[in-house]
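Please examine the sequence and the model shown here before reading on. The paragraphs after it are meant to be read with the structure open.

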Amino acid sequence: MSQATAIKLDSDIKTQQRLMVEEDCRQQIAFTSSHTQDYLEPVLAMSRQRLRDNARRFKAAMPRVRTHFAVKANPDPEILQIFKQEGTCFEVASIAEIDAMLELAVDMETVFYSNPIKSPASIAHAARAGMLWYSVDTPEEVTKIAAIKPDAKLYLRIEVSNEGSNWPLAGKFGASPSGVEMVIETAKSLNMQICGVTFHVGSQCSNINNWVEGIKAAKALFAKLADHGFVPELLNMGGGYPLQFSGDEPSIEEIGAEINKALESIPEHIQVMAEPGRFLVGSAGCLLTQVVGVATRDDVRWVYLDTGFYGGLLEISGEFPVNLISERTGEPATWTMAGPTCDSIDVMGRHKLPDNTQAEDFIYMPNLGAYCTTCACDFNGFPAPVLRMVD
Ligand SMILES: Cc1ncc(COP(=O)(O)O)c(C=O)c1O
C-alpha cells in the first residue's frame with residue numbers, strides 16, 4: 001500500500017469515528033432530554049443499558065483481563081449493583097468505598113485497595129472487612145500495613161509515562177527505580193509479601209504506548225521480585241481507558257489489541273486485571289444544565305451555567321475535552337464559560353456555543369458519567385447535579 005493510500009484510509013477511519021461520536025452524543029441527548037420538563041436543578045442522566053454495554057465491551061476487548069471498576073468514578077449504589085450483575089469486580093480507595101462494597105455484599109477478597117497511601121484506620125477497616133490486596137509505593141506504607149495486616153498481599157505501584165493523558169496522575173504516586181529498591185528491602189525486612197505490580201497511565205489516556213511500556217516494566221520487575229524470593233502472581237494495569245470526545249482517541253478495541261499483544265509475554269499463571277473508572281461509566285452519563293445568564297464584558301462574551309467547577313465540572317476547568325451541545329441552533333461563537341457561584345475559580349475556559357445563546361437555554365454535556373456528581377458539592381447554595389437512572 002502506498003503512503004498516500006494509507007494516509008487516506010487513516011483519514012477515512014477518523015472521519016467515520018467523528019461521525020460515530022456525533023451519533024453517540026445524539027443518543028445520549030435522547031435519553032436525557034425528557035428531564036427538561038419540570039427542570040429544577042442540573043441532572044446527570046445515566047443509562048443502565050450503557051453501563052452494561054460498557055462493561056461487556058471492555059471485557060470483550062481484553063478477554064484475559066479481569067475488570068475491577070474504580071468505584072471513585074461513580075459510587076452510586078445502583079451503578080455498583082449493575083456492574084456486580086455483569087460480573088465486574090471492584091477497586092476502592094477509602095473507608096466509604098469499602099463500606100459500599102460490604103453493602104453490595106461482594107466477596108471482599110476480590111476487592112483491591114489501590115490507593116497507595118492509606119490511613120492506619122482505613123487499613124484496619126479493610127482488614128476487618130476481609131480485604132487481602134493492598135497497593136504500596138513507599139517503604140512507609142509497607143511498614144504501616146505490616147503493623148496492621150501482616151498477611152496482606154502487596155502490589156507495588158511503579159511510575160510509568162502519563163504522556164498523552166488528559167488528567168495525568170504521575171508524580172503524586174508511583175515508585176521510581178530507586179523507590180522500588182527501597183520498597184523491596186523494607187518488605188523483605190518485615191517479612192511482607194509483594195505479590196504483584198501495578199501502574200496507572202493517567203486518566204483519559206490516548207497514548208497506547210504507556211500501557212505497553214507499563215507491561216514491559218512490570219515483566220522486568222516480576223523477574224527482580226523473584227530474585228528477591230517473592231512469588232509474583234498479579235499484574236494490575238490500572239485505569240486510564242479513554243472516552244471518545246472527538247473521535248481522535250483510540251477505541252477500547254484498538255487499545256485492547258495492543259495490550260493483548262503485549263500480554264503474550266506475561267506468563268499464564270499471572271492474573272491480569274485493570275481498574276477502568278471513566279470508561280465504564282463516562283459514556284453512560286449525560287449532564288443536562290441550564291444557562292443562568294449571558295454577559296458581555298468589554299469584548300468578551302460570558303455564559304454562566306447553573307453548574308460549574310463546584311458542581312461537577314472540575315475537570316473541564318482545565319484543558320479537559322468536553323462536548324457541549326445547546327438546544328438552540330445558531331452560528332457557533334466563542335464564549336467564556338463559568339459556573340453560577342461567586343468564586344473566580346469557577347470558570348471553565350473558552351468554548352463554542354451558539355451566538356444567540358440566552359438565559360434558560362438547555363445545554364447537554366454527554367460523556368460526563370464519571371467524576372461529575374461524585375466530585376460535586378452545593379457551594380454557595382447552588383444544587384449539585386442529581387443523578388437520575390434511565391433505561
Ligand atoms: C488507583 C486508580 N485506579 C483506577 C483509577 C481509574 O482511572 P480512570 O477513571 O482514568 O479509568 C484511578 C483514578 O484516579 C486510580 O487512582
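This is a predicted model: local features need pLDDT of at least 70, side-chain atom pairs count only at pLDDT 80 or more; totals for chains, interfaces and linings use all residues.

Residues are numbered from 1 along each chain as its sequence is written, and side-chain values use heavy atoms, with hydrogens and water left out.

Eight strands close into a barrel, in the order E2-E3-E4-E5-E6-E8-E10-E11, with parallel pairing. Strands here are DSSP runs of E with at least two residues, helices are runs of H or I with at least four residues, and both are numbered from the N terminus. Two strands are taken to pair if DSSP finds at least two bridges between them. In general, strands of a sheet pair through backbone hydrogen bonds, either parallel or antiparallel.

Five of its six residues are buried, so E2 is largely enclosed by the rest of the structure; buried means under 20% relative accessible area, exposed over 50%, and partly exposed in between (1.4 Å probe, protein chains only). Three bridges join E2 to the parallel strand E11 (residues 271-274), where valine 272 is the bridge partner of valine 65. Three bridges also join E2 to E3, again in parallel, and here histidine 68 is partnered by cysteine 89 of E3.

Polar backbone atoms of glycine 240 and glycine 277 each lie 2.9 Å from an oxygen atom of the ligand. For arginine 278, a backbone N or O atom is 2.8 Å from a ligand oxygen atom. Taken alone the ligand exposes 400 Å², of which the protein buries 91%, by the Shrake-Rupley method with a 1.4 Å probe.

Threonine 341 is found in the loop between strand E15 (332-338) and strand E16 (347-354). With 12% relative accessibility, threonine 341 counts as buried. Its contacts (heavy atoms within 4.5 Å), leaving aside neighbours within four places in sequence, are Tyr310, Asp346, Phe379, Asn380 and Phe382.

Note on methods: A polar contact is a pair of N or O atoms within 3.5 Å; within protein, one must be able to donate a hydrogen and the other to accept it, and residues adjacent in sequence count only if both atoms are side-chain atoms.
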